Amino acid sequence: MQKIIKILILFIFLFVIGIFYISLKRDTNYDTSSLINKITPEFKIISFDESNFYTRDDIKKNNYILINFWSSWCTPCRIEHPILMKLSQTKNLTMLGINFKDKNTQAIKFLSELGNPYDLLAKDKNGKQSVKFGVYGIPESILINKDLIIIQKFVGPLSFEDYNNIIKIIE
Amino acid sequence: MLSNLGNILLFLNVFLSLSIIYVANKNLKISGEINKNIYQLSLIQSTSIIICFFVLISAFIVSDFSLITVYQNSHSLKPLFYKVAGTWGNHEGSLLLWAIILSIFSFLFLIYNKNHPKKFRLLTLIVQNILILGFLFFILFNSNPFSSISPIPKEGLGLNPILQDPALAIHPPLLYIGFVGASIYFSAAIASLITNYSEKSFSHSIKGWVLFSWCFQTLGILVGSIWAYYELGWGGFWFWDPVENASLLPWFAMTALFHSLIVFEKRNLFYFWVIILCLITFILSVTGTFLVRSGILNSVHTFASDPSRGIYILIFLSLMIFGSIFLLFQKYKKENYDLNRNSKETFILVNNWFMMFYLITVLLGTIYPIFTDALTDSKISVGPPFYNSIIFPVVIIFLLFMAFGPKAKWIKNKFQNTRIYLLILASAVCLNLTIIFFFKSYSLLSNFIIISALFLIMSSLMDAAKALKRNKFDFARIISHTAFGFLVLFIGLNDIFSIEKDYNIKLGETKKFEDYSIQLQSLDLKNYKNYKAVIGKLEVKNINSNKTNILNPEIRIYEKPKTLTYEAAIKTSLIKDYYLTMSNIDRSDYYNIKFQKKPLMAWIWISVIMIVIGGFVRLFNNAKNN
């Protein structure tokens, strides 16, 4: 009996330390890749000019939709902007830009300088809406199809590879 | 220059530790007194590590940015006080503080335990020095505060402004004395196992250290809570944050330990249990450090994470754990406890069960997210509801035991005066009903908590009165136990009677609610040495009594690094605190204010201080008696 208890104690400690070790190797960043292939959560987000709200119904209108979270204060957003501009020329794709925790004047300045790639423009002043999409840093983009299924998530600025990827999917 | 000096001193310390281990080991085989050289080496060791720390402090004072640690955590514009406090406010510096406490405790234990067996003392010294070596290697090869950087930066990166606070400056040292202090009875326990030193007198060698570290651990936790209360701006003081939990885990073990030490000292029972508690207290301290520093848990505490640190501490931790287990298994002999169910021994054992229950609850809550993440890939976080719903109901029973336990007699007890206790219970219930009648009603659980807290307080006070008559007064226990009752009572009342209101308010506007009105009277912009502040002037008026209070919450804009912090304005009085935070709303004339009325806050702090005073009284009494 005593032996069993001893082995059990040893085993428990080994187990705990093993888990600690595994955890060390893991990326502790919050990861939302599990959202892929899931349906887009319901949302109601105010348009940039505060004239109306966008919901899931607004994004069902086209075959594909790319939701892009951006802000004027985010440098990587500037880097990915040319790619967004290029994507805006594709027909099959509606682009919804969500301005994240930004100042209106700054955001307008940003778009007038670099161009406006978005078909729909919304804003998320306090970042609460973005949480639903599992956004924890910007820029981040989410590709959704007509059935509201999340096809892909792009954390960080879109690259040319991502661009080709998106084009391949939607064509 | 300072970098070289620091490194030299660190290497000197490695050398000293090795020599102490060598000389002590040699001395073990010879009979007679402990070699005088060992005392000297140990003294030099403590002195040189302190000098080493002063070198680091002076690097912070003169803003020597050639040291990475200084560059990353300081700034030439920082007030002197925070430059100094910045020394231990970061990972590298705080490890040096670890090493200091390990060394000083090692020296003090050596000189203060002259009437214990030589072998036991030497082995404690050796084990402690192995721990010191482990930390020195960690400091030297992984987290060296004296690492230099070139080219030398002109300016430092600053310190997180939220950490620029007097309470937080003293919080780490207090806490470290607590849980690093636990190292000495870890070493003593190992030495005791190896040398089979299991007599009652073993308890004398560690009793003081346990109490001492417990007092500081409690103070450290208190100061941390006070800081959280006025700095984090949520109005709470305990958040069950993983780092807070990490400080609470050893505390439970220490509390269990010094209670069971009473039994061990008196009845020579529970030897192995005492040893196990000694071992797990320090193991929990290191586990806590691992969880916090390796970055596998996310928390409000901002220690930058680095996996290589984690690996090192984990190896250290594993060696400690498996070394202890191995030794314990070898030496373990089944003890037969022939305990009378109604005796002081049993009651103290009950205290230990409760402590273990709390310990396991908090430990599970803290590491559960790590397990689910590693095993099932799902991210969850265990929040206050878990702890509150498990811990609080159990507190009720715990308080009742706390009221009866200390009065029980050794070996065989018989409770007398049951009628008096029923009377006390009845008056506790009445008092509780009175509170409900005059103020407001609250949940059933809260009712029970208030009643049991009142019961403990009243019966402890009755004890005090009785003991005073007979002139046999156990100050320490009565103060601590009564204060604990008050602590639970005040936390309960505070929770029940807090008011919280949230408004958007414009300059000149007045908001009214219940018996209060709040007016935003003016806003001021002020420039300080290392930040700018928007200071609001708000008048809080109690409509019934016509009393007014002016509160000045601040929005601070720090430059290095660029951060916005919100400083709560707190008006403390003995009966209640007014707590007000203000934040700006972009592009609008409105400010968001959060007003809280928190009754009896000051008494929560005072209760904890009283608990600690009880600890110190016991400590001094013990010292006097020896």
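Predicted model: local features only at pLDDT ≥ 70, side-chain atom pairs only at ≥ 80, totals over all residues.
In which loop of chain B is Phe270(B) found? Phe270(B) is found in the loop that joins α9 (242-267) to α10 (271-293) of chain B.

**Domains of chain B**

- Chain B is divided into domain 1 (1-164), domain 2 (168-364), domain 3 (388-498 + 604-613) and domain 4 (499-602).
- Taken over C-alpha atoms, the centres of domain 1 and domain 3 of chain B are separated by 44 Å.

- Phe270(B) has a positive phi of about 65°, although the residue is not a glycine.
- Phe270(B) counts as buried because 23 other C-beta atoms lie within 10 Å, and the cut-off for this class is 20 or more.
- Ser63(B) is likewise a residue other than glycine with a positive phi, near 50°.
- The position of Ser63(B) is in the loop between α2 (36-61) and α3 (68-73) of chain B.
- Ser63(B) has 17 other C-beta atoms within 10 Å and is therefore partly exposed, a class that lies between the limits of 12 or fewer for exposed and 20 or more for buried.
- Leaving aside residues up to four places away in sequence, Ser63(B) touches Val70(B), Ser74(B), Ser76(B) and Gly156(B).
- Lys154(B) is 91 residues from Ser63(B) along the chain, and their C-alpha atoms are separated by 9.8 Å.

**Helix α8 of chain B**

- Helix α8(B), residues 201-231, has 31 residues.
- From its first C-alpha to its last, α8(B) reaches 46 Å, close to the 45 Å expected at 1.5 Å a residue.
- A kink of about 35° in α8(B) is centred on Lys207(B).
- The helix is mostly covered, as 25 of the 31 residues of α8(B) are buried.

- Ser308(B) is placed in helix α11 (residues 307-331) of chain B.
- Ser308(B) counts as exposed because there are 12 C-beta neighbours inside 10 Å, and the limit for this class is 12 or fewer.
- Between Ser308(B) and Ser106(B) there are 28 Å from C-alpha to C-alpha, and the two residues are 202 residues apart in sequence.
- Helix α12(B), residues 344-376, has 33 residues and spans 46 Å from first to last C-alpha, close to the 48 Å expected at 1.5 Å a residue.
- At Ile367(B), α12(B) bends by about 40°.
- A proline, Pro369(B), follows this bend within four residues.

**The five-stranded sheet of chain A**

- Five strands of chain A form an open sheet in the order β5-β4-β3-β6-β7, with mixed pairing.
- The edges are held by β5 (120-124) and β7 (150-155) of chain A; each has a single partner strand, so one side of each is left without a neighbour in the sheet.
- On average, neighbouring strands of this sheet are turned by 20° against each other, direction ignored.
- β4(A), residues 93-100, pairs with β5(A) in the parallel sense over five bridges.
- Within β5(A), Lys123(A) is the residue opposite Asn99(A).

**The four-stranded sheet of chain B**

- An open sheet in chain B has four strands in the order β1-β10-β9-β8, with antiparallel pairing.
- β1 (499-505) and β8 (569-572) of chain B are the edge strands; each has a single partner strand, so one side of each lacks a neighbour in the sheet.
- From one strand to the next, the twist averages 15°.
- Seven bridges link β1(B) and β10(B), residues 591-599, in the antiparallel sense.
- Asn504(B) has Asn592(B) as its bridge partner in β10(B).

- β4(B), residues 531-542, and β5(B), residues 547-551, pair in the antiparallel sense over five bridges.
- Leu538(B) stands opposite Leu551(B), a residue of β5(B).
- The hairpin has four residues between β4(B) and β5(B), and Asn546(B) in this hairpin takes a positive phi near 60°.

Conventions:
Residues numbered from 1 in each chain as written. Chains lettered and ligands numbered in written order. Helix = DSSP H or I, 4+ residues; strand = E, 2+ residues; numbered from the N terminus. Pairing = 2+ DSSP bridges. Axes fitted to C-alpha atoms, helices over the stretch in contact; angles between N-to-C directions. Expected span 1.5 Å × (residues − 1). Bend = angle between axes of the 7 residues up to and from the residue. Domains from an automatic or database assignment. Contact = placed C-beta atoms within 7 Å.
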